Structure formats: C-alpha cells, structure tokens
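Student: I have a structure to read and would like to go through parts of it by question and answer. Can we begin?

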Amino acid sequence: MAWGACIAALPLLLLLLLAAAAGGNGGVHCLEQGSRSRSRRALQGRHKHHLRSRAVGGATVLELRHHSFSSAPSKSREEEADAFLSSDAARVASLQWRIENYRLIGSAAAASKAQVPVSSGAKLRTLNYVATVGLGGGEATVIVDTASELTWVQCKPCDSCHDQQEPLFDPSSSPSYAAVPCNSSSCDALQVATGMSGSPACGGADRPACSYTLSYRDGSYSRGVLARDKLSLAGEAVDGFVFGCGTSNQGAPFGGTSGLMGLGRSQLSLVSQTADQFGGVFSYCLPLKESDSSGSLVLGDDSSVYRNSTPIVYTSMVSDPLQGPFYFLNLTGITVGGQEVESPGFSSGKVIVDSGTVITSLAPSIYNAVKAEILSQFAEYPQAPAFSILDTCFDMTGFKEVQVPSLKLVFDGGVEVEVDSSGVLYFVSSDSSQVCLAMAALRSEYETSIIGNYQQKNLRVIFDTSASQVGFAQETCGYI
C-alpha cells in the first residue's frame, strides 16, 4: 500500500475510508424514493443505499434510489447483515463484561505534526475504521478502536491466525524488535490493559518474555508476547512502542486486518505512549461513503486541520477510578424531531463513546422512550418485522418521501449533538420494505449504554485526555 507524503504543518492525520450513505444535516429529514436507479446499502458498504440530498425549507430531502434484485442475492445480503449485527451485539456484550471486571479490580506537552493515509475497513471485511501504520520497517493495517487499550498485530511464526490481506509482521526482519521481559513496568501494566481476560504468563527459563491473552465474549481472541518496536506514523517515529505480537489470533470482527490499534485510556494505549508527542489528544471524523471519499483520524490538538461547520462544544468525561480504558460521558437527554424524550434512565445515563461498536445500544428505559417517540412520529408508515438486534422497523414500500426526524443526543453541560440523518435509519432491504431505527436496547438497566460509530458519522469527535473532556462539532467528512 502506497504511503502519502508527510505534511509537516499538520498534526497526525489518518485518512479513514469506510462505507456508508451520504446524508443531510439537521431538522426534519425526508427520504425520496426513485424507481429505476441503483441502490446502495446504508450500513458501511453492507447496505449501500446512496442518499442524495437537497434542501427544502427547513428540511432535508434524501433521495433514495434503488432497483429490484432477485430473491437469492437479497437474501444473501440480509444474511450477511444479520451476521454483522450479531457480531456487533457480541461486542456490546463483551464491553459490558469488561466494564464490570474493571469495577471489580479498580484502576490504576506540544503535539507533533504529520499526515498518514489509510484504507477502507469495508474492503477488509470489517465494519470498522482502519489505519495503516509502519511497524519495524513493515506496514500493518489495524482497526481503530477507542475501547481497546493494547495495540496488537499478527506475527510470524503464527500458530493460528485469521486471514489477513497483508503479509504477517516478521519480528526476525526488524532490527529494532525486542520482546518485553517479565520484570518490566509494561508487563506489570498488562493485566489491567487486558481487562483481566488473562494474566501475564511469566517466570521460568522457557518463558522469559511477557505473554498476553486478549479474549472477547464473541469467542475471538489474540494471544502472543508483549514486544517493543519502532512505530512509524508518516514520518513521526515512536521508538520502543509497546504492542502485542500475536501468534494465535481468531475472530470474524478482525476481518482481513493485521490487528487492532488501541486508543483507550491505559498505560499501554497508543494515546498514552505518544502523549509527549501528541499531547494526549486525538479526534476523528467518520465519513459516509465507501469510495471516493475519506474521513480523518487526527493525533494532536491542532484544530486548524478540522473542517467543522459548527463550533466545537465540550462535555466532561465521567471521573471514575474504576472506568478502565473507556471514554465515559453522561447522557442527560435525547430529542426526536424536536420532542424531548423522557426516561428515568437519564438520571444515571453514563455512556461509552466507542469507534469499534457500530449500532448504538441504550439502557432499556431510554431505548423504549426513543422507540415510542419514533413510533408516534412514524405512525403513517406500516410496521415491519424486527431484523436481528433492531426491533423498530417499518415497511416504506411505495412511499416516495419519508420524513426522518432529527435525532439529538444531549450530554452534561447542555451539549447537544445532532446525529447525521444517515445514522438514524438502517435499510435492511434494497426496496425499502424493511427500514429500522438504527439503535438497539441493552438487556438490562444495569448495563452501560454505548454510542456506536453509525451515529457518529459526519461529526468531529475530539478526545482530550489531558483536560478530561470530549468535544463534538458538525463536519462533512468527505475529504477525497
């Protein structure tokens, strides 16, 4: 994969390509359905409805084009979508398990400037965003994950590895590679960094290095040794970067990537290890389209590279010594089409902002209140059966225009964040016979709500760990 030229006047900017649909901004939105043009489903390349927008008064009209497909291909796409949503639900369950484990165990400068291009996760069979970085003289394309605290890649010799597109990282070919010994602070931090899914295996002449195990609730895992090597971010070198060198890794969520980039809040995350260079600040803007467009992941606090169309508004992170690596905020309200949703769940509405979860999952009391308001405002449309984890669905066959109400998330300090219109609905079928609210309910009020990436599109989301705050601004994320 070709690397773009370094631009010394910019902070670290990783261009992210992913699949989604184009959309409009604000207010009440409409879907206009044509009859003879190609369809594109709406969930990051898996449901490629291509929505073209036009302004009409205070509303945005989204034009939905489609054609009829044979029953066999349509069924195949729906089965594929069901598999991805089931995988997303498994990730949500895994995060709940990790949050509970952290509660049980407790807790524990000027920015450099550069630019790095990256590739689309959709091409690598993952719904997530990916970035290509340099590692030990080679390259690795990894999933960008704000809920992971350890960066890991697949390494030779691999006992059991998932199928990745690029060659495996070969430690023997890197003169700067070194295994992390057991008697090191990095190894001591590993148990917390892995969320207690496995203890560091040290001791004995046969195991001089610090080994790790990352296990996820969906059955995926990564096992290997903790190591150090030179990480290259478009000319910005991070010497002695600590990462997991995985020799046994399996899991459908990884797709054809090389591994994960850990952007969580922990001693071993990329954010913490590069704090001297990038000030503990990073941000992203997630684009709508799969091709001919890109978003950006920026490491550093230089806002001059942002293209936000509204001022950045900040809300405080939740201060919790038991929070582990997650970015917690207080969700204090939700409005649908300008109507405030009422729920007792907002009294303890702690949520995680996560780039690695697709669909937003809410506490049942909050979700049910949102669902009730959606059903009220969509009363003219026939209801359709539930699909996978999505249970608020409609049959929009025959409708040329469908009004999509605005959806706003409200955080501490009165910070309002409007979800892009493309992030409100999920199109199951190409003929619009099954269109669902793109949100799901958690199993229990005691679980933690998660704001997924499907609802973060066309937003600049800024994580400032030094000031313990998260910022939001509207931004059109199509850069190329």
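Student: In which helix is the place of serine 186?

Tutor: The model is a predicted one. In this model serine 186 falls within the run of residues 185-193. That run is helix α2.

Student: Is serine 186 buried or exposed?

Tutor: Its relative accessible area is 5%. The cut-off for buried is under 20%. Serine 186 is therefore buried.

Student: Which residues does serine 186 touch, not counting residues up to four places away in sequence?

Tutor: Neighbours up to four places away in sequence are set aside for this list. What remains for serine 186 is Val180, Leu226, Arg228, Val242 and Leu268.

Student: Which cysteine does cysteine 187 join in a disulfide?

Tutor: The sulfur atoms of the pair are 2.2 Å apart, and the cut-off for a disulfide is within 2.5 Å. The link is right-handed, with 85 degrees about the S-S bond. Cysteine 187 lies in helix α2 and its partner in the loop between α2 and β11, so the pair ties together parts that are 23 residues apart in sequence. Both cysteines are buried, and the partner of cysteine 187 is cysteine 210.

Student: What is the handedness of the disulfide of cysteine 158 and cysteine 161?

Tutor: The S to S distance of this disulfide is 1.4 Å. Cysteine 158 is partly exposed at 25% relative accessible area, and cysteine 161 is partly exposed at 23%. The torsion about the S-S bond is about 60 degrees, so the disulfide is right-handed.

Student: How many residues apart are cysteine 285 and cysteine 477?

Tutor: Cysteine 285 and cysteine 477 form a disulfide with their sulfur atoms 1.7 Å apart. Its torsion is -70 degrees, and the link is left-handed. Cysteine 285 is in strand β15 and cysteine 477 in the segment after β32, distant parts of the chain that are 192 residues apart.

Student: How many disulfides does a search of the whole structure find?

Tutor: The search covers the whole structure.

Student: Which residue of β31 is the bridge partner of serine 283?

Tutor: Strand β15, residues 281-285, pairs with β31 in the antiparallel sense over five bridges. Within β31, serine 283 has as its bridge partner isoleucine 462.

Student: Which residue in β32 stands opposite valine 461?

Tutor: β31 and β32 run antiparallel and are joined by six bridges. Their hairpin has four residues between the strands, and serine 468 there takes a positive phi near 55 degrees. Opposite valine 461 stands phenylalanine 472.

Student: Which residue in the hairpin of β6 and β7 takes a positive phi near 60 degrees?

Tutor: β6 and β7 pair in the antiparallel sense over six bridges, and glycine 134 has glutamate 139 as its bridge partner. The hairpin has two residues between the strands, and the residue with that phi is glycine 136.

Student: In β14, which residue is the bridge partner of aspartate 145?

Tutor: Strand β7 is mostly covered, with six of its eight residues buried. It runs parallel to strand β14, and four bridges join the two. The partner of aspartate 145 is glycine 262.

How values were computed:
Residues numbered from 1 in each chain as written. Predicted model: local features only at pLDDT ≥ 70, side-chain atom pairs only at ≥ 80, totals over all residues. Heavy atoms only, no water. Buried < 20%, exposed > 50% of the residue type's maximum accessible area, 1.4 Å probe, protein only. Pairing = 2+ DSSP bridges. Contact = heavy atoms within 4.5 Å.
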